[in-house]
Amino acid sequence: QKPILLQGHERSITQIKYNREGDLLFTVAKDPIVNVWYSVNGERLGTYNGHTGAVWCVDADWDTRHVLTGSADNSCRLWDCETGKQLALVKTSSAVRTCGFDFGGNIIMFSTDKQMGYQCFVSFFDLRDPSQIDMKLNPILNSLPTQSIPGLYPMISRLFLMRKSLPISLIFSLPPQSGEQLSNIKEHTKQINDIQTSRDMTMFITASKDNTAKLFDCTSLEHLKTFRTERPVNSAALSPIFDHVVLGGGQEAMDVTTTSTRIGKFEARFFHLAFEEEFGRVKGHFGPINSVAFHPDGKSYSSGGEDGYVRIHYFDPQYFEFEFEA
């Protein structure tokens, strides 16, 4: 594996995200910069400038027309993907930790942290409603959302929408129509850092500080598999073509300065989905891996680390031969 090294951030990476086709890779970090890259060669396509604080999350809609970002500057911003123009700005009372689009790209959602006396909320905005978001005006301040659901915890680490418009955040599910809690499961013993779905949306995987990643059924929320490591897991992703899982993490960032890469275990680690056995590691980062993502075609994956670098790894032909022989 010969990685493509992306150097476009001055501080640690917070999230990386492919668009649906996989030709673009969006990266955000604890600096105000939002970058977009060509995934095939690592060329930087452009930046989205406007945030004034750390950017925690990024998402692109189904046809990659719009990009959504959330930041510690107490704002959620909507961008035109092609031109980089800011289309809308929603001011919040606290930092925006997670954000995302629904499948039609018409509804955006984001969660805010519990801080400075403000409660954690999950908010929904309908882009088709000019009274909420009017993209002809820039910016829209203090807009009222379609719905705002109080969070059950101080912070929501990740949020995603299922095909039946059922958002699952952390360990509970809420229907946007009523805000009523449907399910509550607690399989991890410490904070959950990341949650990602499979390509067909039948499963999702969580990454936790309790040194494990766990696989769940999206419909029943049944716990299916557990992948164990010796260090906190910051991110986990499911291969779209093989029964493989990639985990990223390592020793806590505050302890990295006195730790070697060998002891810190900063490698990306590959597990078999069914057997829960580790079969490979990829080195490269000089600190904990904060975010991992498989390319939608399954032929490569990317990782973003505390060192501020994003690495795109294209799998060697032997990787595919090994899987087919197995």
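Where does UniProt place the feature "repeat: WD"? The unreviewed entry puts it at residues 6-47, 48-89, 185-226 and 282-312; UniProt annotations may be inferred rather than shown by experiment, and feature names are shortened.

This is a predicted model, in which local features need pLDDT of at least 70 and side-chain atom pairs count only at pLDDT 80 or more, while totals for chains, interfaces and linings use all residues. Residues are numbered from 1 along each chain, and side-chain values use heavy atoms, without hydrogens and water.

Let's look at residues 282-312: the span is 0% helix and 52% strand, and its end C-alpha atoms lie 11 Å apart. Here helices (H or I, at least four residues) and strands (E, at least two) are DSSP runs, numbered from the N terminus.

Next come the cores. A nonpolar core is a set of buried Ala, Val, Leu, Ile, Met, Phe, Trp, Tyr and Cys residues joined through side-chain atoms within 4.5 Å; buried means under 20% relative accessible area, exposed over 50%, with a 1.4 Å probe and protein chains only. The largest has 14 residues, and L68, C76, L78, C99, F101, I108 and F110 touch the most other members.

R228 is exposed, with a relative accessible area of 60%. Leaving aside neighbours within four places in sequence, R228 is in contact (heavy atoms within 4.5 Å) with N211, T212 and F271.
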